[in-house]
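The sequence and the structure come before the text.

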Amino acid sequence: MSGLFLALGTAILASIWLGPLLILWRGSITAHMLAHMGILAIVAPLLALGLKHRLAQARTSNAASWPIVASLVELVVVWGWHAPAARRWAESSLAGTVAEQVSFLVAGLFLWLSCLAAASTSKAACQAAGAFALLLTTIHMTLLGALLGLSARPLYGDSDVTCFGTTLTAAQDQQLGAVIMLLLGAASYLAGGVALLAGLFGEPRRRAL
């Protein structure tokens, strides 16, 4: 099963990096958000699940702290790359695009691997830390999506853009991108956090049986 997760995650990552999202439609925040959320909310957890059987080798005595650190790292990466200046660099420069996409993948893998590693331990504190880190990421992802969607003006330019053959105003493009972040990104982390919480609460019951 792990091989399937790895293959699927790699295939989706290739379609994001080599497809039209970052090439033909690189000026669209909607396309950017699809690529961004595809990596953080789909590719990273799939790859992490594919590597899950190797997590036992990476366990450390401070396993409870790594998920929180990883969530904060992802907060800095995600919010940093959505600053207008950083977004302009990523849009106009190949080096910027590569730096942005690689940092998304690294931050996403760091978070999901840390949380799965914590959840796989026998310590309730570690398991709780993994769940809390994903729920914390849900909160800051939701907040950023809401700020982008409710902004009084476009933050990334004022020109019309094309995405999937549809012309959007700058405001529409930003609002649609925010919706994608809320629906795809926040939902993925929420589902992961709830799943880890369910495992945590189910552990004492399994032991009792």
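## Overall fold

Of the 209 residues of the protein, 44% count as buried (under 20% relative accessible area, with a 1.4 Å probe and protein chains only; over 50% is exposed and anything in between partly exposed). The model is predicted: local features need pLDDT of at least 70 and side-chain atom pairs count only at pLDDT 80 or more, while totals for chains, interfaces and linings use all residues. Residues are numbered from 1 along each chain as its sequence is written, and side-chain values use heavy atoms, with hydrogens and water left out.

The secondary structure comes to 7 helices and 2 strands; these are DSSP runs numbered from the N terminus, helices being H or I with at least four residues and strands E with at least two. From the N terminus on, the order is α-α-α-α-α-α-β-β-α.

The C-alpha trace spans about 60 × 35 × 25 Å along its principal axes. Among contacts (heavy atoms within 4.5 Å) with a separation of 6 or more, 77% are between residues 24 or more positions apart.

Two packed helices are described by the angle between their axes and the distance between the axes. Here the axes are lines fitted to C-alpha atoms over the stretch in contact, and angles run from 0 to 180 degrees between N-to-C directions.

| Item | Value |
|---|---|
| Helix α3 | residues 66–81 |
| Helix α5 | residues 94–119 |
| Angle, α3 and α5 | about 160° |
| Axis distance, α3 and α5 | 9 Å |

That angle makes α3 roughly antiparallel to α5 (over 145 degrees). The contact includes W66, V73 and W81 in α3, and F104, F110 and L111 in α5. By class, the contact of α3 with α5 has 15 nonpolar residues (Ala, Val, Leu, Ile, Met, Phe, Trp, Tyr, Cys and Pro), 2 charged (Asp, Glu, Lys and Arg) and 5 polar (the others, Gly among them).

## Two single residues

L109 also lies in helix α5. Leaving aside residues up to four places away in sequence, L109 touches A44, L47, A48 and S114. L109 and I39 are 70 residues apart in sequence, yet 9.3 Å apart in space, C-alpha to C-alpha.

F164 sits in the loop between β1 (161–163) and β2 (166–168). Phi of F164 is near 55°, a positive value in a residue other than glycine. F164 is exposed, with a relative accessible area of 53%.

Notes. Parallel < 35°, antiparallel > 145°, perpendicular 65-115°, else oblique.
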